[in-house]
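Visitor: I have a structure to look at. Can you walk me through it?
Guide: Gladly. Here it is.

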Amino acid sequence: MRRSAVRIRSGPHHPSKDVLILEKMKKRNCSGCDECCRYVAIELDKPTDQTDRQNIIWFLKHKNVKVYIGFDNKWYLEFSTPCKELDRKGWCKDYDNRPQICREYDQKDCTGHSLSSAEKVCFTDSKEFKKYLEKKKIKLS
Ligand code: SF4
Ligand code: SF4
């Protein structure tokens with residue numbers, strides 16, 4: 001497992017030539033948004049056996065947890081939990097000392113600035129994951 005990108009709050013993305021994306025960007029600039037400081041996502045090994053699948057079911061039985069497959073075909077475990085450095089106005093209280101992962105986040109990667117979702121497949125509870133396995137004809141026992 002390794003930690004996935006944490007998205008940091010920064011200024012609006014530069015205009016794109018694509019008009020549709022530009023329209024979307026107008027609606028979703030960073031102003032008033034702090035979503036990228038409100039979760040932690042880590043990469044998971046793709047589940048290949050029953051232990052892996054049972055672990056995913058266990059993850060999904062917890063509140064504020066989701067598992068998703070990104071468009072990079074990697075599996076991720078995400079905890080919805082705000083960073084302790086986030087202030088009430090949505091600003092970083094320790095911006096000068098923010099972790100490297102926050103510094104490296106490229107705002108262009110934010111799905112708030114594109115027409116696509118970050119997730120190809122997303123599970124927010126164990127039932128959804130079980131249905132996915134059924135559809136794939138993967139048995140759980
Ligand atoms: S989630 Fe996207 S739009 Fe929101 S603050 Fe982060 S980079 Fe900006
Ligand atoms: S350290 Fe600052 S920039 Fe990084 S996640 Fe926390 S609030 Fe956001």
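Visitor: Which residue is the bridge partner of Val67 in strand 4?
Guide: Leu77 is the bridge partner of Val67. Strands here are DSSP runs of E with at least two residues, and helices are runs of H or I with at least four residues, both numbered from the N terminus.

Visitor: Before I go on, what kind of model is this?
Guide: This is a predicted model, in which local features need pLDDT of at least 70, side-chain atom pairs count only at pLDDT 80 or more, and totals for chains, interfaces and linings use all residues. Residues are numbered from 1 along each chain as its sequence is written, while chains are lettered from A and ligands numbered from 1 in the order in which they are written.

Visitor: Back to the strands. In what sense do strand 3 and strand 4 pair, parallel or antiparallel?
Guide: Antiparallel, over five bridges. Pairing takes at least two bridges found by DSSP between two strands. The two strands form a hairpin with four residues between them.

Visitor: What is the phi of Asn73 in that turn?
Guide: Positive, about 65 degrees. Asn73 is not a glycine.

Visitor: Is Asn73 buried or exposed?
Guide: Exposed, because Asn73 has 8 C-beta neighbours inside 10 Å. The cut-offs use other C-beta atoms within 10 Å, placed from the backbone: 20 or more is buried, 12 or fewer is exposed, and in between is partly exposed.

Visitor: Which other non-glycine has a positive phi?
Guide: Asn64, at about 60 degrees. Asn64 lies in the loop between helix 2 and strand 3 (65–70). Asn64 is exposed, with 10 other C-beta atoms within 10 Å.

Visitor: How many bridges join strand 3 and strand 5?
Guide: Four, in the antiparallel sense. Strand 5 covers residues 119–123. There, Glu119 is the bridge partner of Gly70.

Visitor: Zooming out, how many helices and strands are in the chain?
Guide: Four helices and five strands. From the N terminus on, the order is β-α-β-α-β-β-α-β-α.

Visitor: What share of the chain counts as buried?
Guide: 15% of the 141 residues. Contacts are another matter. Among those between residues at least 6 apart in sequence, 70% join residues at least 24 apart. A contact means C-beta atoms, placed from the backbone, within 7 Å.

Visitor: Now the helices. At what angle do helix 2 and helix 4 cross?
Guide: Roughly 150 degrees, with the axes coming within 8 Å. So helix 2 is roughly antiparallel to helix 4. The axes are lines fitted to C-alpha atoms over the stretch in contact, with angles from 0 to 180 degrees between N-to-C directions. Over 145 degrees counts as roughly antiparallel.

Visitor: Which residues meet there?
Guide: From helix 2, Arg53, Ile56, Ile57 and Leu60; from helix 4, Ser126, Phe129 and Leu133.

Visitor: And ligand 2? Which residues are the closest?
Guide: Cys37, Cys83, Glu85, Cys92 and Cys102, out of eleven residues that surround ligand 2. Those eleven qualify by a C-beta atom, placed from the backbone, within 6 Å of the ligand.

Visitor: Last one. Where is Asp87?
Guide: In the loop between strand 4 (75–80) and helix 3 (100–104). Asp87 is exposed, with 11 other C-beta atoms within 10 Å. Asp87 and Asp34 are 53 residues apart in sequence and 9.8 Å apart in space, C-alpha to C-alpha.

Notes. Angles under 35 degrees count as roughly parallel, over 145 as roughly antiparallel, 65 to 115 as roughly perpendicular and the rest as oblique. Two residues are in contact if their C-beta atoms, placed from the backbone, lie within 7 Å.
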